[in-house]
Amino acid sequence: MTEQAAADSQGRAAGELLVGELSESQLISRILPLLRESTEVLVGPGDDAAVIPAPDGRLVVSMDTLVQDADFRLVWPNGYSSSGYDVGWKAAAQNLSDINAMGAHATGMVVSLSMPGHTPVNWMQDFATGLQQAIDQLGADRCTVVGGDLSQGRELAITITVFGDLGGAAPLLRSTAAEGQLLMLAGAPGRAAAGWAILESRHSIGGLDADQRQVVNTFCRPQPPLGAGPAALRAGAGAAMDISDGLLRDAERLAEASGVAIDLDAEALRGDLPALASAARLLAVDPMTWVLGGGEDYGLLACFSPGTALPDGFRVIGSVGSMEQSSARVTISGRPHNTVGWDHFAH
């Protein structure tokens, strides 16, 4: 059964309405009650555009897109069906992570949702619920959905633009790491990659143990450490960026932007392996390849001077050096690597 046929059958078998059977106004009326209102927003949904405050005269802005069969599947090879809640949560999480990486607090979000007409209305409402629950449970308490757009398309596609406030501080950048600093990590790399690998396998959800289910949940509903970015900024971090495409790939981006070399400490990363052990046995994979190369965990890399009092949740995973003294932009315990990170155009 194709994904379209599966979705079509699911909606009709349950007697559900499909989005193609309602007008745009009717669809919006089913979404808005699921989204939290904010007293900080000057003009919210209902007008041609929203108005949100910019207390220090600047807005941090980021945008990201999720596309069916590129970033998620409605039905995975192992039989798991992505719920609207899953997709809404992930769409919010990955966008909030970018604002966090700049040291800012998210203050507003606009959402564009394109859906085939055969999409069940309940799926769309679950999407809105997952989006709002991610905002609330991940700790983006200043952020609300202030507007967006609905349209029909051949596949599901979600584009989100999120705005943030720096509170008068200078933003954290990936281009300002300095030799002699320590590389810190907030988050747990590898879990989302392990979850993705299970979903792409033939091991059904019903046959998974608790640890294997947990990594699948992490892929479907990421847990970016929101608040770690502003905390790093207050603690004097020299540079930062989120990890969306894998620890190694994003460490290389940070190193290249700053003109430095980074050496990752393999021993410091071994603490991430126990949570991946069960999935690794199931798929006969070296779990360190997920830790180093797996994407979509949305952890946070930050560089601090030695002796800095670290914010909660950060740990040392490497050091920043000079390219003149290194054989590669990023090494692992002094050695070059050949691990490839996540690439949206290669999966």
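**Close-ups of two sheets**

**View 1. Met109 and its partner across the strands.** Met109 has Val145 in S3 as its bridge partner. This is a predicted model, where local features need pLDDT of at least 70, side-chain atom pairs count only at pLDDT 80 or more, and totals for chains, interfaces and linings use all residues. Residues are numbered from 1 along each chain as its sequence is written, and side-chain values use heavy atoms, leaving out hydrogens and water. S2 (residues 105–115) and S3 run parallel, joined by 7 bridges. Strands (E, at least two residues) and helices (H or I, at least four) are DSSP runs, numbered from the N terminus.

**View 2. The sheet of 4 strands.** Here the order is S1-S4-S2-S3, an open sheet with mixed pairing; two strands pair if DSSP finds at least two bridges between them. S1 (60–67) and S3 (145–152) each have a single partner strand, so one side of each is left without a neighbour in the sheet.

**View 3. The sheet of 6 strands.** This open sheet, also mixed in its pairing, goes S6-S8-S5-S9-S7-S10. At its edges sit S6 (239–243) and S10 (330–332), each pairing on one side only. S7 (residues 261–264) runs parallel to S10, with 3 bridges joining them, and Asp263 stands opposite Thr331 in S10.

**View 4. Helix H8 across the strands.** H8 (residues 247–258) lies across S6, S7, S8, S9 (314–321) and S10, at about 150° to S6. Angles run from 0 to 180 degrees between N-to-C directions, with axes fitted to C-alpha atoms, for helices over the stretch in contact; contact means heavy atoms within 4.5 Å.
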